[in-house]
Amino acid sequence: MLKGKTAIITGGTRGIGFEIVKKFIENGANVAFFGSKKETVDKSLTKLKELYPDKEIMGLYENISDAKAVESAFNKVVEKFGKLDILVNNAGISARESLLDYKLEDFEKIMNLNVNAVFVCSQAAAKLMYKNHNGAIINTSSMVSLYGQPSGVGYPTSKYAVNGMTKSLARELGKYNIRVNAVAPGVTATDMVAALPKEMVERISSTIPLGRVGQPEEVANAFLFLASDMASYITGTILSVDGAAIV
């Protein structure tokens with residue numbers, strides 16, 4: 001589905017991001033992924049090269065909130081693979097502090113990575129994509145962007161901002177044939193969910209009509225679809241992948 005395309009994926013060392021990386025490689029894309037630390041990037045890169053020994057894969061760990069660092073890194077990807085077709089803005093952090101305990105610096109930290117970095121990377125990618133009059137940008141949102149959550153206001157606020165950026169950039173970049181969409185996952189079986197007590201996972205699952213939490217691969221499938229030419233007339237969409245979760 002992505003044969004001959006080049007993709008950059010931020011937050012690609014674990015969880016949903018790592019599944020997106022694998023899914024894109026398996027579907028023919030040249031992939032460069034970003035992580036926050038050299039150690040985690042190297043570890044993921046080693047694993048990927050074991051899984052796909054014949055594939056060219058890049059692992060990067062530049063600060064994705066730094067415009068100059070991002071521009072330089074993206075240019076390295078283009079130098080290696082010749083172009084950029086797909087950007088997945090997946091890197092993000094969350095928090096659960098109550099409003100009364102929330103520190104401004106913690107709120108700003110979430111906004112910096114979950115919003116500012118999405119802007120920085122989208123701008124750098126658009127500058128490369130518009131020359132070829134083609135491209136797809138896919139952002140990771142969340143079900144809480146639509147419904148909120150009982151505490152940790154910074155996370156749903158940041159993801160609501162991602163939704164607004166997604167819809168606005170879809171309108172602005174459409175003239176360059178650059179599509180911009182987002183995927184809003186629900187509760188997914190990542191490391192965070194795996195660490196929860198079994199009874200808590202069962203209680204969460206009971207509120208989901210499909211009766212279970214989602215799997216990272218199922219979320220990655222949505223990214224694959226939106227990145228592919230099968231979604232050539234889809235832009236400005238926030239695609240929920242949450243099993244119709246009841247909140």
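Buried, in my notes, means under 20% relative accessible area, exposed means over 50%, and partly exposed is in between (1.4 Å probe, protein chains only).

**Ground rules.** I'm working on a predicted model, where local features need pLDDT of at least 70 and side-chain atom pairs count only at pLDDT 80 or more, while totals for chains, interfaces and linings use all residues. Residues are numbered from 1 along each chain as its sequence is written, and side-chain values use heavy atoms, with hydrogens and water left out.

**Salt bridges.** I took a side-chain nitrogen of Lys or Arg within 4 Å of a carboxyl oxygen of Asp or Glu, and that rule gave me eight salt bridges.

- R212 pairs with E218, with 2.7 Å between the closest N and O atoms. R212 is partly exposed at 39%, and E218 is partly exposed at 34%.
- E56 and K80 meet at 3.2 Å, N to O. E56 sits in the loop between helix 2 (38-51) and strand 3, and K80 in helix 3 (residues 67-81), so the pair ties together parts 24 residues apart in sequence. I find E56 partly exposed at 48% and K80 partly exposed at 41%.
- K83 and D85 meet at 3.5 Å, N to O. K83 is partly exposed at 31%, whereas D85 is buried at 7%.

**Sheet.** My helices (H or I, at least four residues) and strands (E, at least two) are DSSP runs, numbered from the N terminus. Two strands pair if DSSP finds at least two bridges between them. I see seven strands in an open sheet, ordered 3-2-1-4-5-6-7, with parallel pairing. Strand 3 (57-60) and strand 7 (238-241) are the edges; each has a single partner strand, so one side of each has no neighbour in the sheet. On average, neighbouring strands here are turned by 15° against each other, direction ignored. For angles, axes are lines fitted to C-alpha atoms (for helices over the stretch in contact), and values run from 0 to 180 degrees between N-to-C directions.

I also checked strand 1 (residues 6-9) against strand 2 (residues 30-34): four bridges join them, running parallel. T6 is opposite N30 in strand 2.

**Helix 1.** Which strands does helix 1 (residues 15-26) lie across? I get strands 1, 2 and 3, plus strand 4 (86-89) and strand 6 (178-185). Contact here is heavy atoms within 4.5 Å. The helix runs at about 175° to strand 1.
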